[in-house]
Amino acid sequence: HLGTGQRWGEGIARCFRIESDLDEDDSIRLLPVPELFICPMSQAVMEDPVMTVDGCLYERSYIEQWIRHRQQQRMQVTSPATNQPL
């Protein structure tokens, strides 16, 4: 278990990306990460995004886990965001 402050960079990484052009002026700028890069299920920046038929983007592992869970529970597989059938 990590103590307070030991994972502080993870929250910042979800909100900002670093833009660096060190050849020009040796400066680094923090820019906001566009909201569409954040998975609505994990609330983290997506590394392997996939789009469902309803047009929503998810991190692949999270939506696959969602689908498996719904199937195992013999529930209709629906979008977590829109509740439309997938």
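Reader: How many salt bridges does the count come to in this structure?
Author: This is a predicted model, in which local features need pLDDT of at least 70, side-chain atom pairs count only at pLDDT 80 or more, and totals for chains, interfaces and linings use all residues. A salt bridge is a side-chain nitrogen of Lys or Arg within 4 Å of a carboxyl oxygen of Asp or Glu. By this rule the count comes to 1 salt bridge.

Reader: Which pattern does the protein chain follow when it is read along the sequence?
Author: Helices (H or I, at least four residues) and strands (E, at least two) are DSSP runs, numbered from the N terminus. On that basis the protein chain has 2 helices and 4 strands. Read along the sequence, they follow the pattern α-β-β-β-β-α.

Reader: How many residues apart is the pair aspartate 48 and arginine 60, which links distant parts of the chain?
Author: Side chains of opposite charge can pair when their charged atoms come close. Here the side chains of aspartate 48 and arginine 60 meet in a salt bridge, with 2.8 Å from N to O. Aspartate 48 belongs to the loop between β2 (28–32) and β3 (49–51) and arginine 60 to helix α2, so that the pair links distant parts of the chain, 12 residues apart.

Reader: What share of the 86 residues of the protein chain counts as buried?
Author: Relative accessible area, taken with a 1.4 Å probe and protein chains only, sorts residues into buried (under 20%), exposed (over 50%) and partly exposed in between. Aspartate 48 is partly exposed at 33%, and arginine 60 is partly exposed at 33%. Of the 86 residues of the protein chain, the share that counts as buried is 19%.

Reader: Which side chain of opposite charge is nearest to arginine 70?
Author: Arginine 70 lies in helix α2, and its side chain forms a polar contact of 3.3 Å with the side chain of threonine 78. A polar contact is a pair of N or O atoms within 3.5 Å; within protein, one must be able to donate a hydrogen and the other to accept it, and residues adjacent in sequence count only if both atoms are side-chain atoms. For charge, Lys and Arg count as positive and Asp and Glu as negative, whereas His and the chain ends are not counted. Arginine 70 is buried yet has no salt bridge, and the nearest side chain of opposite charge, 12 Å away, is that of aspartate 54.

Reader: Is serine 79 buried or exposed?
Author: Serine 79 has its place in the segment after α2 (60–72), and its side chain reaches the backbone nitrogen of threonine 82 at 3.2 Å. Contact means heavy atoms within 4.5 Å, and, not counting residues up to four places away in sequence, serine 79 touches Asp54, Cys56, Tyr58, Gln84 and Leu86. Because its relative accessibility is 1%, serine 79 counts as buried.

Reader: How far apart are the C-alpha atoms of methionine 41 and alanine 81?
Author: Methionine 41 is placed in the loop between β2 and β3 and is partly exposed, with a relative accessible area of 28%. Leaving aside residues up to four places away in sequence, methionine 41 touches Tyr58, Tyr62, Ile63, Trp66 and Pro80. Methionine 41 and alanine 81 are 40 residues apart along the chain, and their C-alpha atoms are separated by 8.9 Å.

Reader: About how much accessible area does the nonpolar patch with phenylalanine 37 have together?
Author: Phenylalanine 37 is found in the loop between β2 and β3 and is partly exposed at 41% relative accessible area. Patches are made of residues with over 30% relative accessible area and no salt bridge, where like charges are joined within 9 Å and nonpolar side chains (Val, Leu, Ile, Met, Phe, Trp, Tyr) within 5 Å. Accessible areas come from the Shrake-Rupley method with a 1.4 Å probe, and for residues only the protein chains shown count as cover. On the surface, Leu36, Phe37 and Val45 form a nonpolar patch whose accessible area together is about 260 Å².

Reader: What is the phi of arginine 74, about which it is said that the value is positive?
Author: Most residues other than glycine have a negative phi, and most peptide bonds are trans. Arginine 74 lies in the segment after α2 and counts as exposed at 79% relative accessibility. Although arginine 74 is not a glycine, its phi is positive, at about 55 degrees.

How values were computed: Residues are numbered from 1 along each chain as its sequence is written. Side-chain values use heavy atoms; hydrogens and water are left out.
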